[in-house]
Amino acid sequence: MLEYTQELLDFTASLSEFTIKETPTNYDASPTPYDDVYRTLLTDCNALVIPLVNEVFGENFTGQEKVTALQNERFVAKSDGSKSKVITDSHILISGTRDKQDKRYHIECQSSPDNSMLIRMFEYDSQIALNYSELDNNYLTVNFPESGIIFLRHGKNTPDEMSVRINFQGGRFVEYPIKVLKAKDYSIDDIFEKNLYFLIPFHLFAFESEFAEINDDETRLRDFSNHFQSIVNRLGASCRSGKISSYDMLSLVRMTNTVSTALTRHYSNIQEGVRKIMGGQILDYPEKHIYNEGIALGIEQGIEQGIEQGIEQGIEQGKLDSIKKLLSRFSPAEIISFGFSEEDVALAQE
């Protein structure tokens, strides 16, 4: 727990305009499909987050903890005096830990390193700390989250860890680390062995430097396609064994296709190959599993309620919760094909 004074608040506020000026405006740095994929997984696929946190921060969570993705609003001052609202949704809370202590983490996903990343990290960290600060008379305590960055691309000069040092008057200072995970350093075997399913949609970045050759070479293109077919097969096996849910598998497959659409946009052969595998082959397990998982969730909720008809009510609520979650990714017709009724789908849309 770190204790800060008004000096920290003033310094944080002074960063806003500088951050805007330093933020790149190229394709990857502006709102992109990569950001959408990252935040979709963070928000919708909570079970995939725990192994990622373990890997980035050296934690040892069991997977039984509760993960909550939180949004933080902040207002950034512009040079014309106006303010714009920015929502940060890369802040997660992990509760139900063995030591009974809730823990906060802030993890950003960055397609390429840039000079303003540390500034943005400190700005977001400070906002999270202020949002959950404690004020007791004239004593303000702010609790910074554990902070980390996932780099989808990196170079030889990309560090294994970064840090922020805050200097105060009189020689006082506070320094805290920003953990770094380099996605391209993880082979597909590493990903499956460590249960880092969260990284699968970004596995395409490992081949980016070879896209031109793969796209124009029939043999290499076939090998590339076989590689991604094997990923789908392994995901199917993980789903059937219960390591991941049917919903998480569907999300990973579709998010991989989303990344491919953006990343391989200049390589039509590669894009078509990935699309056929990731866009058309959600086949290796029955989609009915999604329906059954919703029922199972409802039964669990009903038992926890501990009331007469609790299980029945829980089943209905579990179905509706599952449908609402699916509506962010699938059409009503697709959801009905999973085994849900038209009435339940219509009710979930209200």
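**Figure 1. Buried residues of helix H4.** The buried residues of H4 are Met-117, Ile-119, Arg-120, Met-121, Phe-122, Glu-123, Tyr-124, Asp-125, Ser-126, Ile-128 and Ala-129. Here, buried means under 20% relative accessible area, exposed means over 50%, and partly exposed lies in between, with a 1.4 Å probe and protein chains only. Because eleven of its 15 residues are buried, H4 is largely enclosed by the rest of the structure. The end C-alpha atoms of H4 (residues 117-131) are 21 Å apart, in agreement with the 21 Å that its 15 residues should span at 1.5 Å a residue. The expected span is 1.5 Å times one less than the number of residues in the helix. Helices (H or I, at least four residues) and strands (E, at least two) are DSSP runs, numbered from the N terminus.

The model shown in these figures is predicted: local features need pLDDT of at least 70, side-chain atom pairs count only at pLDDT 80 or more, and totals for chains, interfaces and linings use all residues. Residues are numbered from 1 along each chain as its sequence is written, and side-chain values use heavy atoms, with hydrogens and water left out.

**Figure 2. The salt bridge between Arg-153 and Glu-208.** The structure holds ten salt bridges, each defined as a side-chain nitrogen of Lys or Arg within 4 Å of a carboxyl oxygen of Asp or Glu. In the bridge between Arg-153 and Glu-208, the closest N and O atoms are 2.8 Å apart. The pair links distant parts of the chain, 55 residues apart: Arg-153 is in the loop between strand S6 (146-151) and strand S7 (161-167), and Glu-208 is in the loop between helix H5 (188-193) and helix H6 (211-216). Arg-153 is buried, at 15% relative accessible area, whereas Glu-208 is partly exposed, at 25%.

**Figure 3. The salt bridge between Asp-189 and Arg-234.** The side chains of these two residues meet at 2.9 Å, N to O. Asp-189 belongs to helix H5 and Arg-234 to helix H7 (residues 218-241), so the pair ties together parts that are 45 residues apart in sequence. Asp-189 is partly exposed, with 39% relative accessibility, and Arg-234 is partly exposed, with 31%.

**Figure 4. A network of salt bridges linking Glu-210, Glu-213 and Arg-220.** Between Arg-220 and Glu-210, the closest N and O atoms of the salt bridge are 2.4 Å apart. Arg-220 is in helix H7 and Glu-210 is in the loop between H5 and H6, ten residues apart. Arg-220 is partly exposed at 28% relative accessible area, and Glu-210 is partly exposed at 27%.

**Figure 5. The aromatic pair of Tyr-38 and Phe-198.** Rings of Phe, Tyr and Trp (its six-membered ring) pair if their centres lie within 6.5 Å; planes under 30 degrees apart count as stacked, over 60 as edge-to-face and the rest as tilted. By this rule the count comes to eleven aromatic pairs. Tyr-38 and Phe-198 are edge-to-face, with 5.6 Å from centre to centre and 75° between the planes. Tyr-38 is in helix H2 (residues 33-44) and Phe-198 is in the loop between H5 and H6, 160 residues apart. Tyr-38 is buried, at 0% relative accessibility, and Phe-198 is buried, with a relative accessible area of 0%.

Figure 6. Ser-95 is buried, with a relative accessible area of 14%. Apart from neighbours within four places in sequence, Ser-95 is in contact (heavy atoms within 4.5 Å) with Glu-65, Lys-66 and Asp-102.
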